Amino acid sequence: MEDQFGKFPAVVVPNPDERELPLDDFISKVQEHKAWIHDKLARNGALLLRGFPVKDAADFDQVIKALDYKILHDHFGSQDRKHVKGSVYTANDDLPLEIPIGFHNEITYMPVIPDVLVFYCEVAPPQGCGGATGIVRGDDVYEDLSKKFPSFLQDLEDKGAIYCFTVPASEQPKYGSNMNGYKRKQLENGLVKLYLGPCPAIKQLPSGKKAWFNAIGSSYVRDSSEPYVEFGDETAMPTDAIKAACEIMQEKQFAVQWEQGDVLMLENSHVLHSRHSTSKLEPTRKILVSMLKY
Ligand SMILES: [Fe+2]
């Protein structure tokens, strides 16, 4: 395996003599190099394996098992995921592909937060029709935002964030009622409004740097009709600072233009991801995911 770039994300492609590698040989190589892969991911935050013989969800599940992390099977939060195979789930089934999803670390509002996300491209979106996955490092976002909004970042670190969801009462148990500060309000029509948090929204990384670590970017895009996210003390967040954070994430992102068979590993505490909208829905874009703990 060849490490093609020293950039973000790190990209690993087959050596010229590995282009027709059988899956079993690739899986053996992943097992053999797993410590190198873990280290590369920890240093870079994101690692893209491209051009290897990962043909479907069953192959992807074998890659995940070879990586030897602990596999998460529940506590998936607000997203409607379907189980596909072994460690493999659909990435998001509840939002149509033409709707973009803003930048977020995965389920930071849940009691169990995955350390590593691994996405797999089973069907790539048609070329030129969007559907990329944006990725950006949280420490870069923090550093840029701290130039203009240092007190907002300090408030966010001190108070955390509360996220608000409106869900059918039947879905409430999947959020885990044991969360700190968990509140709920019964609405009409069998709906329940859940307030999850306060949740950590700034992360201290092993490097010593601080990182933007939250779902404020995706909350801001999704719902403008009412506050979807607020400080942990239930006060409003400044709109100008949130807008600035979203702009920084848009500017600094790397857009992964999917190719069939791509395996993208992200360190969830370090890197945020987003979904670009897809303008042409046939053939559709299909991204699968495994969520892992160290
Ligand atoms: Fe996500």
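Helix axes are here lines fitted to C-alpha atoms over the stretch in contact, and the angles between them run from 0 to 180 degrees between N-to-C directions. In the predicted model, helix α1 (residues 23-32) packs with helix α3 (residues 57-67) at an angle of about 25°, the two axes lying 8 Å apart. Angles under 35 degrees count as roughly parallel, and α1 and α3 are therefore roughly parallel to each other. The crossing of α1 past α3 is right-handed. On the α1 side, the contact involves Leu23, Phe26, Ile27, Val30 and Gln31, which meet Asp59, Gln62, Val63, Ala66 and Leu67 of α3. Classified by residue type, this contact of α1 with α3 comprises seven nonpolar, two polar and one charged residues.

A further helix pair is formed by α4 (residues 138-148) and α7, whose axes come within 10 Å and cross at roughly 130°. Helices α4 and α7 are therefore oblique to each other. Here α4 passes α7 in a right-handed crossing. Asp140, Val141, Asp144 and Leu145 of α4 make the contact with Ala241, Ala244, Ala245, Ile248, Met249 and Lys252 of α7. The contact of α4 with α7 has seven nonpolar and three charged residues, with no polar ones.

Gln253 counts as buried because its relative accessibility is 18%, the cut-off for burial being under 20%. The side chains of Gln253 and Gln250 are joined by a polar contact of 3.1 Å. Beyond its neighbours within four places in sequence, Gln253 is in contact with Phe103, Gly134, Ile135, Val136, Ser274 and His276.

Terms used. Residues numbered from 1 in each chain as written. Predicted model: local features only at pLDDT ≥ 70, side-chain atom pairs only at ≥ 80, totals over all residues. Heavy atoms only, no water. Helix = DSSP H or I, 4+ residues; strand = E, 2+ residues; numbered from the N terminus. Parallel < 35°, antiparallel > 145°, perpendicular 65-115°, else oblique. Left-handed = near helix turned anticlockwise from the far one by under 90°. Contact = heavy atoms within 4.5 Å. Nonpolar A, V, L, I, M, F, W, Y, C, P; charged D, E, K, R; others polar. Buried < 20%, exposed > 50% of the residue type's maximum accessible area, 1.4 Å probe, protein only. Polar contact = N/O pair within 3.5 Å; in protein donor to acceptor, adjacent residues only side chain to side chain.
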